[in-house]
Amino acid sequence: MKVFCGRANPVTGSVEWREEDEQYDYHQEIARSSYADMLHDKDRNIKYYQGIRAAVSRVKDRGQKALVLDIGTGTGLLSMMAVTAGADFCYAIEVFKPMADAAVKIVEKNGFSDKIKVINKHSTEVTVGIDGDMPCRANILVTELFDTELIGEGALPSYEHAHRHLVQENCEAVPHRATVYAQLVESKKMWSWNKLFPIRVQTRLGEQVIVPPSELERCPGAPSVCDIQLNQVSPTDFTALSNVLPMFSVDFSKQVSSSAACHSRQFDPLASGQAQVVLSWWDIEMDPEGKIKCTMAPFWAHTDPQELQWRDHWMQCVYFLPQEEPVTQGSAVCLVAHHDDYCVWYSLQRTSPEKNGRVHALRPVCDCQAHLLWNRPRFGEINDQERTDQYVQALRTVLKPDSVCLCVSDGSLLCMLVHHLGAEQVFTIESSAASHKLMKKIFKANHLEDKINVVEKRPELLTSADLEGKKVSVLLGEPFFTTSLLPWHNLYFWYVRTAVDQHLGPGAVVMPQAASLHAVVVEFRDLWRVRSPCGDCEGFDVHIMDDMIKHALDFRESKEAEPHPLWEYPCRSLSEPQQILTFDFQQPVPPQLLHAEGSIKLRRPGRSHGAVLWMEYHLTPDSTVSTGLLKPADDKEDCCWNPHCKQAVYFFSTTLDPTASLGSPQTVSYVVEFHPRTGDVTMDFTLSDALGNGH
């Protein structure tokens, strides 16, 4: 049986459904999973092991058999820990069938098949009784159901059901308790990920300001959490307005409720300022005494920053208040954490909800559409005044008083820039109705609804009538398209340029005039862990999991590069950046394949974890916008990446000798091809040592 999988098509700029092998989705899930990252999280593993030993001991000390329920067992690691700690039997629940099958094999490989039963069901479908999945209720509940937000993977409903149907009253639980913490801050940088700022345009007639519509300013924003590696945000990018506040706790050894609730904490602001953002994280205590603790705290709130554990499966949260609010040092306010069964959000109130009768606030939902069309990095990109200034400088060199401009990026303000810079007529294509509606709001707020013509159709359907019979003299793109995942997906601009070729006048200017694909070989400080085999984890053999991931990575799409926001993941360059392919937007897309092969010489010793690829757009001969490396990196500094874009990472299957010296240069050979028919970029990298041996 075949399955259909959605995939962005750079040629059409849309998501298409392709027929794939029936196991395809499973392989993608496994290949992109964080299982390897979790297995490498030694702090997590050790704390769980300690907590499980203590829980089993408490049950045994009461003269009872230790019966363990492990919900979301994954590899079966926690169940094997429990049996090793003395548990009499474990019921390991895993709903994802390929993972459950792997857990059965791992349990058998480690010799625990007689003590661990893997149940391939959702925990809410597990039955208890003589003919059930479990003969009786368990007295120890072990789980790892948490995401960065703690409850986003359905932890509360799962615990609620388990206590009602699967475990004994007042059972032992590992972890025993979770606590969510928050810190209120002012941060122009992070606030720029949520709101549209006024944008200044220097013109020959003076400064023009593009202002956001009031609807965008009033909008509470996207309801989803912004999860990031908060340790990579500089403390200079925010001002703390509160201490770290414990907002609420959940005791997992007792009945848990998934009902909506709110929890308030009154505090005196540390400083006066604009309350904009709530930084949040959690910790879990593995034992009732709270002696065994695993924390997600960023370095400035960590009890021992030297012991900080890097992890990508659990990060930290950034929440945006519905509106920024002034707070004054010396005037107490209340920070309120609200949650339902899956989501957390925050509000700021002058008095506690209990005193003013407001027990629960509705979950914020975007009603301006901007937060549904622009993700957080895109907001930051649009608000980047330096980037805007660069486009303005480039536009000045190509615009004339009689220019007829056509803009072809999604939700872009380029059309407003060219209007303010004096273009005679401006058209912009917005192929989605939602984007069309949003841009109309922005034009109206700036009194430009009659100055810019919005065409709501796909570029290939554009007619001369849509352009009022005029020929385009300047075709513009950032380029940015909402369907793009990998850097080269924005080459959709080239296909749009080709589709509208008939509408371009003689000598028409295309901006950007060209693009180039670049690569650099890097050593990651930590990100390599998400693809590194584990082998042995706390004394248990998990090679089967490593082999499973490797097999999944043999599928076509998993061999490709994958997008990562590298400003969050420090790395050091081992080579100089190298241009791989060029794309000439002055001409239509060629019918023939674009092919490049060569080698990248490593100039610094280190472990070659992978190649990072990005696009650079050449607006004019003198102006280039990079979506990747922003400045050359030296031996001592980490690479500096564009924070608004995701770069593509091609992980090498093996790494070079970390002790390699500059006296025995090593190289990375590559073959990269651009396929015009599909818009795909395929690649293969081969590592060679000083003797030319490939890896």
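Okay, hi everyone. Before anything else: what we're looking at is a predicted model.

Let's start with Phe238 and Trp300. How far apart are their centres, and what's the angle between the planes? The centres are 5.1 Å apart and the planes make 50 degrees, which gives us a tilted pair. Now, where do these two sit in the chain? Phe238 is in the loop between strand E11 (226-228) and strand E12 (239-240), while Trp300 is in the loop between strand E16 (293-295) and strand E17 (316-327). So this pair ties together parts that are 62 residues apart in sequence. As for burial, Phe238 has a relative accessible area of 11%, so we call Phe238 buried, under the 20% cut-off. Trp300 comes out at 26%, so Trp300 is partly exposed.

On to another pair, Trp494 and Phe674. Here the planes are at 25 degrees and the centres 5.9 Å apart, so this pair is stacked. Again, distant parts of the chain are linked: Trp494 belongs to helix H15 (residues 492-499) and Phe674 to strand E37 (residues 667-675), 180 residues apart. Buried or exposed, these two? Both Trp494 and Phe674 are buried.

Rings can also gather in groups. Have a look at Phe146, Tyr159, Phe252, Trp282 and Trp314, which make up one aromatic cluster.

Lys189 lies over the face of Trp567, 5.4 Å from the ring centre. And Arg378 lies over the face of Phe480, at 3.8 Å from the ring centre.

That's me done, thanks!

Conventions. Residues numbered from 1 in each chain as written. Predicted model: local features only at pLDDT ≥ 70, side-chain atom pairs only at ≥ 80, totals over all residues. Heavy atoms only, no water. Phe/Tyr/Trp six-rings, centres within 6.5 Å; stacked < 30°, edge-to-face > 60°. Helix = DSSP H or I, 4+ residues; strand = E, 2+ residues; numbered from the N terminus. Buried < 20%, exposed > 50% of the residue type's maximum accessible area, 1.4 Å probe, protein only. Lys NZ or Arg CZ within 6 Å of the ring centre and 35° of its normal.
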